[in-house]
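Please read it alongside the sequence and the coordinates shown here.

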Amino acid sequence: VVIFYGYDAWNSKTLQENDEGYRQLFDHAAEVIGVSKDICQQLEKLGCPKDKISYLPCYVDLEKFAFVEREFATPKFLSVGRFCQTKAPQLTIMAFAQVLKQLPDATLTMIGADDGNGVLESCKTLVQSLKIEQQITFVGSCSSDDVYDEMKQASVFVQHSVTTPETGDKEGTPVAIMEAMASGLPIVSTRHAGIQ
């Protein structure tokens with residue numbers, strides 16, 4: 001049984017390098033799982049027999065991310081995810097800069113590790129150039145308990161996922177969105193891949 005999460009189904013370089021290997025995999029596997037309906041459709045396009053494909057979204061512990069009644073008086077935005085190309089955190093920052101024109105007291109907390117590709121540093125440079133360092137906090141990697149604590153305090157969860165123009169890479173279904181939904185946090189996101 002094989003599971004596809006996103007990059008492995010979309011990244012053009014990965015698909016090219018593993019063309020024959022994927023064909024062998026699809027022949028050999030008893031079952032091929034996609035974490036989004038979007039990935040399941042892609043697996044079929046890649047040559048996996050439809051009867052071997054199953055849709056199985058990622059799991060969210062509903063006790064760990066329990067529903068929270070919240071007050072929306074303070075505009076506190078939250079973003080959770082690796083600093084990588086498909087999550088497009090630079091676009092989240094640019095959108096938030098527009099929000100500040102209407103809600104100058106708003107804050108944005110960005111949780112996530114650097115993916116090692118320079119995206120985090122470019123985000124910090126962008127925040128400095130927009131002169132909004134006081135409104136955006138970069139937290140880095142956090143435990144799921146710490147993420148839930150931030151979700152309990154937030155008023156809106158934001159996710160700006162994109163398909164990368166060079167490699168065609170896409171997300172699967174971001175688990176953080178499902179965790180935010182479970183905790184009762186409203187979501188503002190792009191209509192992308194499994195997010196839909």
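The lining of the largest pocket comprises 14 nonpolar, 14 polar and 7 charged residues (Ala, Val, Leu, Ile, Met, Phe, Trp, Tyr, Cys and Pro count as nonpolar, Asp, Glu, Lys and Arg as charged, and the others, Gly among them, as polar). The model is predicted: local features need pLDDT of at least 70 and side-chain atom pairs count only at pLDDT 80 or more, while totals for chains, interfaces and linings use all residues. Residues are numbered from 1 along each chain as its sequence is written, and side-chain values use heavy atoms, with hydrogens and water left out.

**Largest pocket**
- The volume of the largest pocket is about 560 Å³; a volume is the space filled by probe spheres set on grid points, which are joined across faces, edges and corners.
- On a 1 Å grid over the protein atoms alone, a pocket is an open set of points with protein on both sides within 12 Å along at least five of seven lines, a cavity is a set where a 1.4 Å probe fits but cannot get out, and lining residues have an atom within 4 Å of a point.
- Of the 35 lining residues, Gly81, Arg82, Cys84, Lys87 and Glu171 lie nearest the centre of the largest pocket.
- Two or more lining residues come from each of α7 (144-153) and α8 (175-182), and α8 gives the most, with 3 residues; helices (H or I, at least four residues) and strands (E, at least two) are DSSP runs numbered from the N terminus.

**Second largest pocket**
- The second largest pocket holds about 260 Å³ of space.
- Its lining has 14 residues, with Tyr55, Thr173, Gly194, Ile195 and Gln196 nearest the centre.
- At least two residues of this lining are supplied by each of α4 (37-45) and α8.
- By class, the lining of the second largest pocket has 7 nonpolar, 5 polar and 2 charged residues.

**Cavity**
- The structure holds 1 cavity of 30 Å³ or more, and the largest cavity has a volume of about 90 Å³.
- Ser79, Gly81, Arg82, Lys87 and Pro89 lie nearest the centre of the largest cavity, among 13 lining residues.
- β4 (76-80), α5, β5 (107-111) and β7 (156-159) each give at least two residues to that lining.
- The lining of the largest cavity divides into 6 nonpolar, 5 polar and 2 charged residues.

**Helix pair α5 and α6**
- The axes of α5 (residues 89-102) and α6 (residues 119-129) come within 9 Å and cross at roughly 15°; axes are lines fitted to C-alpha atoms, for helices over the stretch in contact, and angles run from 0 to 180 degrees between N-to-C directions.
- α5 is therefore roughly parallel to α6 (angles under 35 degrees).

Notes. Parallel < 35°, antiparallel > 145°, perpendicular 65-115°, else oblique.
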